[in-house]
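Let us take a walk through this protein together, one piece at a time. Have the sequence and the 3D view at hand as you read.

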Amino acid sequence: MKRIILLSLVLLLTFGGVQAQAKKTNKAPKSTESVDGRTTGTTLKIIEDIPLPEPQMGLDTPLQIALKHRQTIRDLREEELPVEMLSSLLWSTYGFNRLEEGKRVVPSAVNCQEYDIYVFTRQGVYLYDAKKHALSKVVEGDNRAIISNQKFFSIAPVSIVLVANYDRMKMFKETADRDFYAATDGGYISQNIYLFCASAELGTVACGGINRESIHKLLGIKNGRAMLAHPVGMK
Ligand SMILES: Cc1cc2nc3c(=O)[nH]c(=O)nc-3n(C[C@H](O)[C@H](O)[C@H](O)COP(=O)(O)O)c2cc1C
């Protein structure tokens, strides 16, 4: 009898534990907790999610022609980008090209995918959610001018700010290693922006001369670094 009671107790505890675990893992994350199914690097709450149209894959510029035209263009027009173009630009910047494997258009050291991509426009600041291919608004209003004192940031309709999220780089024990890999990974993203712009006849400039403190404050970045910013516009 004692044995039966003991066995029932063990079963109850084990089964109960499994159920509790399942509850834990099935718990849907709140939208403020995750973007791309991962923790965001910002302490800001998501105001609203705005889906993007499917990225168009129809740009028929051969790679070598895009490379031939790749250049820095600082003379950008104010004109808004069509949303279809913004959609393709963001997919080319940091989208998933193998969603089923969780892999992207850019490589990253030990696949840590540490970047958060912020999009500054006249209407607000958005975090790019590549898994949903959507924009999550995190700040209302026009904050383009705080990115940098370089004047093209106030003119370009869109600026992409690349933020390395150090929460996803804990595997690098040395700060020098973390910084090296964050900078290297950012270079691939930046070059994708340049190549997309070259093939879509848009202008852009990679900028390291940015107001990091102001950006971190605005975006609630506690453990990361705004590495580069790219204003993008018609030329
Ligand atoms: C990491 C990096 C940081 C840069 N920062 C700035 C910047 O803050 N402002 C700027 O006007 N250009 C900046 N540039 C653009 C370079 O000045 C430009 O790439 C260089 O003059 C070569 O011109 P090209 O891109 O047309 O070949 C930067 C480029 C890189 C790669």
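What you see is a predicted model, in which local features need pLDDT of at least 70 and side-chain atom pairs count only at pLDDT 80 or more, while totals for chains, interfaces and linings use all residues. Residues are numbered from 1 along each chain as its sequence is written.

Strands and helices will be our landmarks, and both are DSSP runs numbered from the N terminus: helices are H or I with at least four residues, and strands are E with at least two. The protein has 6 helices and 11 strands. Two strands are said to pair if DSSP finds at least two bridges between them. By that rule, strand 6 and strand 9 pair in the antiparallel sense over 6 bridges.

Strand 6 also has a partner in strand 7: the two run antiparallel and are joined by 3 bridges. Here Val119 stands opposite Tyr126 in strand 7, and Tyr118 has Leu127 in strand 7 as its bridge partner. Strand 6 and strand 7 form a hairpin, with 3 residues between them.

Is strand 6 mostly covered or uncovered? It is mostly covered, as 6 of its 6 residues are buried. A residue is buried if 20 or more other C-beta atoms lie within 10 Å of its own, exposed if 12 or fewer, and partly exposed in between, with C-beta atoms placed from the backbone. Both faces of strand 6 are covered: Tyr115, Ile117 and Val119 are buried on one side, and Asp116, Tyr118 and Phe120 on the other. For the protein overall, buried residues make up 37% of the 235 residues.

What lies across these strands? The length of helix 3 (residues 83–94) agrees with expectation, because its 12 residues should span 16 Å at 1.5 Å a residue and its end C-alpha atoms are 17 Å apart; the expected span is 1.5 Å times one less than the number of residues.

Ile189 lies in helix 5 (residues 175–200), and it counts as buried because it has 24 C-beta neighbours inside 10 Å. Leaving aside its neighbours within four places in sequence, Ile189 is in contact (C-beta atoms, placed from the backbone, within 7 Å) with Thr93, Tyr94, Val106, Tyr115 and Leu162. Among contacts in the protein between residues at least 6 apart in sequence, 75% join residues at least 24 apart.

Most residues other than glycine have a negative phi. Val110, in the loop between strand 5 and strand 6, has a positive phi of about 40 degrees although it is not a glycine. Glu201, in the loop between helix 5 and strand 10, has a positive phi of about 60 degrees, and it is not a glycine either. Val110 counts as exposed because it has 10 C-beta neighbours inside 10 Å, and Glu201 counts as exposed because it has 11.

Our last stop is the ligand. The residues around the ligand, meaning those whose C-beta atom, placed from the backbone, lies within 6 Å of it, are Gln71, Thr72, Arg74, Gln150, Val205, Ala206, Cys207, Gly208 and Gly209.

Conventions. Contact = placed C-beta atoms within 7 Å.
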